[in-house]
Amino acid sequence: MNTMYPISRLLKASTLALLLAAVAACSTVDRGKAPALSTDATWTVLPFANHTETPMAGNRAESIAEALLTARGIGKVRRYTATAQQEALFDAGDTKRQDDALAWAREQGIRYALAGSVDEWRYKVGVDGEPAAGVTLRIIDVASGDVVWSGVGGKSGWSREALSAVAQKLIRELLNTGLSGAR
């Protein structure tokens, strides 16, 4: 009796294993347990800190996060309009901008704030130029200032994929976890 696998079956299994290994190597995500949150509460997105060399990366990630909150069913998302200023490279005012926005949220009676930072936002150097994004997200109880959830992740895409698409997938994955306890 011959117990050897047919070559085609072995090739399929090897290909699948390599594909799974390649996909798993494309992202790293760590996140906390989802808190019980109210989707009926008023939310805001605080200015994202930009820790990259890419101008406006924080603003880009903010816009994606705001749209994903709305798409996820968060009913009221108010925009902090004082963030219309342009980010400078190596901006030391990130903390002050976030503190000012949190104070504004308290004045407005907003319940939750999504804060974040962008740690990577670029196309990798090389022949393929793969897009890569890295973000940190925090959900803050505005009244107390406590961080009720946080998550961090990095993701790279394929050479023909848009950087914004990679960032959107990463931010969506993080938010889906942070908002999984929302009712």
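Which residues of H2 are buried?

## Helix H2

In this predicted model, the buried residues of H2 are Ala57, Gly58, Asn59, Ala61, Glu62, Ile64, Ala65, Glu66, Leu68 and Leu69.

After H2 comes Gly73, whose phi is positive, near 105 degrees.

## Aromatic pairs

How many aromatic pairs does a search of the whole structure find? The search finds two. In one of them, the ring centres of Trp43 and Tyr112 are 4.9 Å apart and the planes lie at 45 degrees, so the pair is tilted. Because Trp43 belongs to strand E2 and Tyr112 to strand E5, this pair ties together parts that are 69 residues apart in sequence. Both Trp43 and Tyr112 are buried.

The rings of Tyr80 and Trp104 have centres 5.3 Å apart and planes at 55 degrees, so this pair is also tilted. It links distant parts of the chain, with Tyr80 in the loop between E4 and helix H3 (94–108) and Trp104 in helix H3, 24 residues apart.

## Burial of Tyr80 and Trp104

Are Tyr80 and Trp104 buried or exposed? Tyr80 counts as buried because its relative accessibility is 11%. Trp104, with a relative accessible area of 17%, is buried. The cut-off behind both assignments is under 20% relative accessible area.

Technical notes. Residues are numbered from 1 along each chain as its sequence is written. This is a predicted model: local features need pLDDT of at least 70, side-chain atom pairs count only at pLDDT 80 or more; totals for chains, interfaces and linings use all residues. Side-chain values use heavy atoms; hydrogens and water are left out. Buried means under 20% relative accessible area, exposed over 50%, partly exposed in between (1.4 Å probe, protein chains only). Helices (H or I, at least four residues) and strands (E, at least two) are DSSP runs, numbered from the N terminus. Rings of Phe, Tyr and Trp (its six-membered ring) pair if their centres lie within 6.5 Å; planes under 30 degrees apart count as stacked, over 60 as edge-to-face and the rest as tilted.
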